[in-house]
Amino acid sequence: MRMTWCMWRRSRTICLSLAFVTVSLHLLLALVTLSIPHLPCDAPLPPEMSFRVLARNASASARDGGHGEPPTDSIQGDSSSQDCRRGAKVNVQRLPYKRLTWKGDKRATENNTESNANQTERWESDMLKLKALFDHPLYNTPRPAAPEDDWLLKVKPKTKPSQRSSQMWESDTQDIYDNVQWNSSVSSQPPWLRFHLGITRWELYPHRDPNMEPLAQQLATHRIVSAVQKSGGTQLKLVMSFPNYGQALFKPKKQERDEETNYNLYYFSDFERHNAEIAAFHLDRILGYRRVPPAVGRLVDVVKEIKDVTTDRKLAKTFFNSPVGNVCFYGQCSYYCSTEHAVCGTPQDLEASLAVMLPDLSLAKRRSWRSPWRRSYSRSKLAQWETDPNYCVNVKKTPPYDKGTRLVDFIDLVVLDFLMSNLDRHHYETFEKFGNNTFLLHLDNGRAFGRHSKDEPSILAPLRQCCRIRRSTWLRLRLLSLPQYHISDVMRASLSQDPLHQVAPLLSEPHLAALSRRLKTVLETVSRCQEQHKDDAGAEDVIYDDLVDVQ
């Protein structure tokens, strides 16, 4: 009993001691709290005022050279009490964020301004290079007047006044085509007719042709009155007609500019690219050939300019709306004409290339020639030229390559194909009127510019095996390798004049860089040919001299 009483007294003493200590601690904490001045919690800014005030504060801080640090009162407000931490947190976090965003936007604006200035400066520099290139004597060699037989088409002699009415072109559909009367006066002729009448034995159009600008304007802007599918070929192509009876070959956009051809896709299964047709025309002109028909980019309304004006029933049946509302069509052809490979607008606008049509075959017949270096178009079989290093010896003995300029004309085409990486050159064409003594038409370039990361050395096989090139071509290639006429720069400048450049550059920078790389390869190939023929005193035979008087 006594032991129990002692334990109770000891427990009571301990409890009283703990109670005293607790009261003492609370009194001490109260004294410490009262000694600190009370800071009121700032109310958050109204929603409609907060961004304005914060931006003003940020502007003042930027003028004072601040680096986005929050004000002192915001930090103090954050530690005043638990209840006002949320409001203080707004001041601490949102003010620096808004200030940094404002300064970042300023830097972005400055960067954009600087970038635009650099682009403008670069564009002006490229345009000066292009002008200097086309002003160079190699592009302005004097030529004698073309004799009458060297013109592809002729204008009929003047008729009697009583017969002039028969020259009037009249359409069955008067509200679609224009009633026009043409004569030998150039001012009365539409651009496409002037282009046809300007074709000679040696080129499609002269170097400084004033008709190029109105012709490009027609292709890019004139009203389309008819659209029908062009027969033949492996992919979809349309023939567009204009009110002045002009026609253009339409190739639609199939893939994005920067999208490379799949490495596992064979060249004969590749897509045709609208921007490749346009770029081929510009590159052909830069090389001084003028053998690709003028091609221009255009945004076409799939409904108003194709579906509503087509008289092609087979084509009309292939239009449909995609699940996202885009208007699509696919036509009929042997390869990529199906719903899986449909051409679609966004929702109705469709990028395309329009190339001026050559004169009708009834007026100017063309002959198709099989390329001696044609690929096998087989997944397993190689062509003869791929296994026989002396293949060109036999080609040189075979008409029409055994005389005249046909071989060096073909080498010109090979250089063009290698620069734009076109493996699909199985045939080429000439105008039948001129026989074998004429230039080659550089048609159908839609499969070019598929890969920029890989060069295809097999395209240069004719140059390597034959070791023959036209002197004017060789000199222009050397000119384009110089910094003041850099091929990538002049190509960029030339393509910037196309209407579709406003949407996006027609060739990405990697493709332009590939042009420079491939040009170097061509020049090295010619140099190796000269070295190989130096021992047998035949180095001069590598260069076919067509510019005897040009220094």
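I started with Gln-235, which sits in the loop between strand E3 (226-229) and strand E4 (238-241). Strands here are DSSP runs of E with at least two residues, helices are runs of H or I with at least four, and both are numbered from the N terminus. This is a predicted model, where local features need pLDDT of at least 70, side-chain atom pairs count only at pLDDT 80 or more, and totals for chains, interfaces and linings use all residues. Residues are numbered from 1 along each chain as its sequence is written, and side-chain values use heavy atoms, with hydrogens and water left out.

**Annotated residues**

Is Gln-235 buried or exposed? I found Gln-235 buried, at a relative accessible area of 1%. Buried means under 20% relative accessible area, exposed means over 50%, and partly exposed lies in between (1.4 Å probe, protein chains only). The UniProt annotation "binding site" (unreviewed entry) covers Gln-235, and among the others on its list are Lys-251, Ala-355 and Glu-429. UniProt positions are given in the numbering used here, feature names are shortened, and annotations may be inferred rather than shown by experiment.

Next I looked up Glu-272 and Asp-444, which UniProt also lists for "binding site" (unreviewed entry). They span 173 residues in sequence, yet no two of their C-alpha atoms are more than 9.1 Å apart, so they gather at one spot. Glu-272 belongs to the loop between strand E5 (247-252) and helix H7 (274-286). Glu-272 is buried too, with a relative accessible area of 8%.

Tyr-245 has one, about 75 degrees, and lies in the loop between E4 and E5. Its relative accessible area is 18%, so Tyr-245 counts as buried. Cys-467 also has a positive phi, near 50 degrees. I traced Cys-467 to the loop between helix H12 (461-466) and strand E13 (469-470), and with a relative accessible area of 5% it is buried.

Then the cis peptide bonds. One joins Thr-346 and Pro-347, with omega about -15 degrees, and Pro-347 is in the loop between E9 and strand E10 (349-356). Another runs from Pro-399 to Pro-400, with omega near 0 degrees. Pro-400 is in the loop between helix H10 (391-395) and helix H11 (406-419).

**A sheet and a helix**

I followed an open sheet of 3 strands in the order E7-E8-E9, paired antiparallel. Strand E7 (320-321) and strand E9 (343-344) stand at the edges with a single partner strand each, so one side of each has no neighbour in the sheet. Two strands pair if DSSP finds at least two bridges between them, and 2 bridges join E7 to strand E8 (residues 327-329). Asn-321 stands opposite Val-327 in E8.

In helix H13 (residues 471-480), 8 of the 10 residues are buried, so the helix is largely enclosed by the rest of the structure. Trp-474 and Arg-476 are among those buried.

**A pocket**

Last, I looked at the second largest pocket, with a volume of about 1100 Å³. A pocket is an open set of points on a 1 Å grid over the protein atoms alone, with protein on both sides within 12 Å along at least five of seven lines, and lining residues have an atom within 4 Å of a point. Which residues lie nearest its centre? Of the 37 lining residues, I noted Thr-141, Pro-142, Arg-143, Trp-202 and Glu-203 there.

Conventions
On a 1 Å grid over the protein atoms alone, a cavity is a set of points where a 1.4 Å probe fits but cannot get out, and a pocket is an open set with protein on both sides within 12 Å along at least five of seven lines; lining residues have an atom within 4 Å of a point. Grid points are joined across faces, edges and corners, and a volume is the space filled by probe spheres set on the points.
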